[in-house]
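This report describes the fold and packing of one protein chain. Please consult the sequence and the coordinates alongside the text.

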Amino acid sequence: MEGKNQTRVTEFLLLGLSGQSEEEEVVFGVFLGSYLVTLMGNLLIILAISCDPHLHTPMYFFLANLSSVDICFSSVTVPKMLVNHMTGSRSISYVGCMTQMYFFITFINMDGFLLGVMAYDRYVAICCPLHYSLIMRPRLCAILVAISWVITNLHALLHTLLLLRLTFCSDNTVHHFFCDPYPVMELSCSDTFINDLVVFTVGGVIFLTPFTCIVISYAYIFSNVLRLPSARGVRKALSTCGSHLTVVSLFYGAILGVYMRPSSSYSFQDMVATVVFTVMTPLLNPFIYSLRNRDMKAALRKIILRSQNRNI
């Protein structure tokens with residue numbers, strides 16, 4: 001480290017997913033299309049839930065929050081990549097990079113906490129149906145979401161402050177399309193041991209808390225479902241969990257492979273995995289939750305019919 005140029009960087013260069021200009025054109029088109037579909041799909045879910053009184057329940061309250069976070073999550077990384085491509089610039093300022101990492105950490109953890117809260121909601125609905133309305137009151141739902149926001153913002157602030165103490169020298173090339181904490185930490189010419197330690201300890205707790213909630217909730221759900229006398233009852237109970245389990249598998253599967261290892265082991269495969277939960281998961285969530293949900297499909301049909309009637 002001592003042989004490195006000690007000139008402090010004022011900006012970083014984002015190389016993107018590919019160094020080839022032909023491939024970058026394809027990547028730009030895919031990311032632009034994915035981002036537009038993500039915005040439209042998640043906004044439709046929020047609109048459907050807010051306009052249909054039948055969807056004013058805890059499950060859909062959490063789903064609306066998840067869609068809002070997914071919009072923010074995609075907007076933290078993708079627009080900057082699209083703007084850089086259109087302007088022919090690959091740069092992002094030091095302050096911009098740190099800001100991007102702060103919100104990236106906030107929204108990625110908020111996604112996890114909302115998935116954990118949604119798992120608890122499904123547990124109460126299936127295992128304690130008679131007490132559901134008593135337990136999942138609007139006040140408790142609001143408190144759970146508020147606590148999640150506080151924890152995720154404090155966690156993001158901790159990591160951002162630790163990143164600010166690092167010194168970045170002459171090498172300012174980030175091999176990614178956004179300021180992912182691990183590739184940025186690799187560029188530091190100072191010791192990142194404390195950063196890695198906090199990722200494994202505090203980050204591990206933040207990661208495992210909602211994940212453990214999901215595992216325990218579904219363990220109770222499956223144990224109760226298996227005791228149901230009819231196959232129809234089993235199918236009905238599991239149908240309400242299928243969409244959530246699909247999203248959980250996609251989201252946590254990708255994150256587990258990337259961030260539960262030292263920053264020095266970050267590879268191209270990890271870069272591809274980050275695309276799964278930064279681009280693909282927010283894109284697929286509206287389809288997963290709407291195509292497998294009769295109430296959501298009915299609410300979306302009402303919105304489409306209303307818009308058609310206004311145009312007539």
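The sections below proceed from the overall fold to the sheet, the helix packing, the nonpolar cores and selected residues.

## Overall fold

The structure is a predicted model. The protein chain contains 10 helices and three strands. Read from the N terminus, the elements follow the order β-α-α-β-α-α-α-β-α-α-α-α-α.

Of the 312 residues in the protein chain, 47% are buried. Among contacts with a separation of 6 or more, 80% are between residues 24 or more positions apart.

## The three-stranded sheet

The three strands form an open sheet of mixed pairing, in the order β2-β1-β3. Its edge strands are β2 (91-93) and β3 (173-174), each of which pairs on one side only. Strand β1 (residues 11-14) pairs with β2 in the antiparallel sense over three bridges, and F12 has I92 of β2 as its bridge partner. Helix α3 (residues 94-127) packs on this sheet and touches β1 and β2; the direction of α3 makes about 85° with that of β2.

With β3, by contrast, β1 pairs in the parallel sense, over two bridges. Here L13 stands opposite T173 of β3. In a regular strand, side chains alternate between the two faces of the sheet. In β1, F12 and L14 belong to the covered face, whereas E11 and L13 belong to the uncovered one.

## Packing of helices α5 and α7

Two packed helices are described by the angle between their axes and by the distance between those axes. For helix α5 (residues 138-164) and helix α7 (residues 193-225), the axes come within 10 Å and cross at roughly 175°. Angles over 145 degrees count as roughly antiparallel, and α5 and α7 are therefore roughly antiparallel to each other.

On the α5 side, the contact is made by I151, H155, L158, H159, L162 and L163. The α7 side contributes I194, N195, V198, V199, V202, G203 and I206. By class, the residues of the contact comprise nine nonpolar, four polar and no charged.

In soluble globular proteins, nonpolar side chains tend to be buried together. The largest nonpolar core in this model has 60 residues, of which F31, I49, L63, F104, L115, F277 and M296 touch the most other members. At least two residues of this core come from each of α1 (21-51), α2, α3, α5, α7, α8 (231-259), α9 (268-291) and α10 (294-311). The greatest share is given by α3, with 13 residues.

Leaving aside neighbours within four places in sequence, I49 is in contact with L55, H56, Y60, L63, A64 and M296. A second, separate core has 18 residues, including C97, M101, L163 and L187. L163 is also one of the α5 residues in the contact with α7.

## Selected buried residues

A residue counts as buried under 20% relative accessible area. N84 is therefore buried, at 8% relative accessibility, and S74 is buried at 2%.

Not counting residues up to four places away in sequence, N84 touches L14, S89, R90 and S91. L14 lies on the covered face of β1, and residue 91 falls within strand β2 (91-93). With sequence neighbours up to four places away again not counted, S74 touches Y35, T38, P79, T278 and P282.

C127 is found in helix α3. Because its relative accessible area is 18%, C127 is buried. Not counting residues up to four places away in sequence, C127 touches Y220, I221 and N224. C127 and Y220 are 93 residues apart in sequence, yet their C-alpha atoms are 7.4 Å apart in space.

Definitions and conventions. Residues numbered from 1 in each chain as written. Predicted model: local features only at pLDDT ≥ 70, side-chain atom pairs only at ≥ 80, totals over all residues. Heavy atoms only, no water. Buried < 20%, exposed > 50% of the residue type's maximum accessible area, 1.4 Å probe, protein only. Contact = heavy atoms within 4.5 Å. Axes fitted to C-alpha atoms, helices over the stretch in contact; angles between N-to-C directions. Helix = DSSP H or I, 4+ residues; strand = E, 2+ residues; numbered from the N terminus. Parallel < 35°, antiparallel > 145°, perpendicular 65-115°, else oblique. Nonpolar A, V, L, I, M, F, W, Y, C, P; charged D, E, K, R; others polar. Pairing = 2+ DSSP bridges. Core = buried A, V, L, I, M, F, W, Y, C linked by side-chain atoms within 4.5 Å.
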